[in-house]
Amino acid sequence: MVVATQACSDWNALADQVLGGEEITREQALSILNSDDDELLSLLAATFRVRREHFGKQVQLYYLKNAKSGLCPEDCGYCSQAADSDAPIEKYAMLNEAKLLDGARQAAENNARTYCIVASGRGPSNREVTHVSNVVRKIKDEYGLHICCCLGLLSPEQATELKDAGVDRINHNLNTSRNFYDDICSTHSYDDRLDTLKTARDVGLELCAGLIVGMGEEYNDLIDVAFELKGLNVESIPVNFLNAIDGTRLEGKGDLAPQFCLKTLCMFRMVHPSTEIRVAGGREVNLRSMQAMSLYAANSLFVSDYLTTAGQTPQEDFRMVRDLGFEIVTGDAKVASLLNSSEQDMPASSCEKSGNCVSLPIADAP
Ligand code: SF4
């Protein structure tokens, strides 16, 4: 990665600027990524002022279901499901209704506000879109979960069908900058991805789009993505950190320091003060013992496992949120009651045994 020389270490002044409604510049974004590790606590404290202004201490949880795994003709270099990947993953066609409904139940039981239905492939067939749409209607009736679908490239007709079924949001990540995109994928283009985001927006769907940090890009690529997403006015930004899976083209890459992951999240928060930012895939592997600090910048998490890799247990996530004194947002009374019953199943920690912990509060969705 290229290191620039611009310095900006008055992080409180930067937070004041953002809180006053003035956007940060590319140079200021670069100064965050370039900042000294010794400044990390003051950077995080300033970033938390911005995060707290818009989201308080609330944390939103997302639960992923890999609805169709592997068998993909595309060649995204980071992906264990890509055509050129030898990663030993489960491969299966689109899950049936019962399994997708079971995923919704697990999402609710894991206190997620959003259930993410994710399918491998360049894009869905019309039959797959109709199948997902029919299941989404039932999920909405039964659980009232917020639904995000990540199905690949979409036609306007497919996006309309999903919207009409009650899908709230489409996830389609940019993954990296336009400049670096060809290093990561050759079977579809950066513009293909932008087109799908535009298609989804045109039919009234919310947009979730993010990136993967650590694929060999430069700092300016990360800044490009942050500002591109600003222009797209997305509702949600998942910031993934490369978990280089054996058998993928990026096997062996992944030398991110936890401090750099935190600086990246701070940069995204300063560029996107009021947008939901999720510390996403690769959290456990890259942030390790510093995971909790990510929530001073980000305001959402995936709970439980990722598409083809394991996450930490939901109990550990709940405990992390609680230990921070933050609160999980749920969007539905049914989910809140499931949360209350699952709390009883949480193993007691040493602080609970000593009586120093408070119970996990539940906030209503804004
Ligand atoms: S990211 Fe999606 S499109 Fe790319 S290889 Fe993986 S499953 Fe296929």
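Residues are numbered from 1 along each chain as its sequence is written. Because the model is predicted, local features need pLDDT of at least 70 and side-chain atom pairs count only at pLDDT 80 or more, while totals for chains, interfaces and linings use all residues.

**Exercise 1. Describe the overall make-up of the protein chain and its largest nonpolar core.**

Solution. Begin with the secondary structure, which comes to 14 helices and 11 strands, where helices (H or I, at least four residues) and strands (E, at least two) are DSSP runs numbered from the N terminus. Next take burial: 49% of the 366 residues of the protein chain count as buried, a residue being buried if 20 or more other C-beta atoms, placed from the backbone, lie within 10 Å of its own, exposed if 12 or fewer, and partly exposed in between. Among the contacts in the protein chain with a separation of 6 or more, 79% are between residues 24 or more positions apart, two residues being in contact if their C-beta atoms, placed from the backbone, lie within 7 Å.

Then turn to the largest nonpolar core, which has 105 residues, of which Tyr115, Cys149, Leu265 and Met270 touch the most other members. Helix H10 (residues 258-271) gives the most to this core, with nine residues. A nonpolar core is here a set of buried Ala, Val, Leu, Ile, Met, Phe, Trp, Tyr and Cys residues joined through C-beta atoms within 7 Å. Finally, apart from residues up to four places away in sequence, tyrosine 115 touches Tyr63, Lys65, Gly103, Ala104, Ala107, Ile139, Leu145 and Ile147.

**Exercise 2. Which residues surround the ligand, and how do they divide by class?**

Solution. The residues around the ligand are Cys72, Glu74, Cys76, Cys79, Gln81, Ala82, Ser120, Gly121, Arg122 and Gly152, with a residue counted as near if its C-beta atom, placed from the backbone, lies within 6 Å of the molecule. Sorted by class, this shell has four nonpolar, four polar and two charged residues, where Ala, Val, Leu, Ile, Met, Phe, Trp, Tyr, Cys and Pro count as nonpolar, Asp, Glu, Lys and Arg as charged, and the others, Gly among them, as polar.

**Exercise 3. Work out how helices H5 and H6 are arranged.**

Solution. Helix H5 (residues 126-143) packs on helix H6 (residues 156-165) with an angle of about 10° and with the axes 8 Å apart; the axes are lines fitted to C-alpha atoms over the stretch in contact, and angles run from 0 to 180 degrees between N-to-C directions. H5 and H6 are therefore roughly parallel to each other, since angles under 35 degrees count as roughly parallel, over 145 as roughly antiparallel, 65 to 115 as roughly perpendicular and the rest as oblique. On the side of H5 the contact is made by Asn126, Val129, Thr130, Val132, Ser133, Val136 and Arg137, which meet Gln158, Glu161, Leu162 and Ala165 in H6. These residues divide into five nonpolar, four polar and two charged.

**Exercise 4. Is glutamate 217 buried or exposed, and which residues does it contact?**

Solution. Glutamate 217 is in the loop between strand E6 (211-213) and helix H9 (219-232), and it counts as buried, with 23 C-beta neighbours inside 10 Å. Leaving aside neighbours within four places in sequence, glutamate 217 is in contact with Thr176, Ser177, Phe180 and Leu222.
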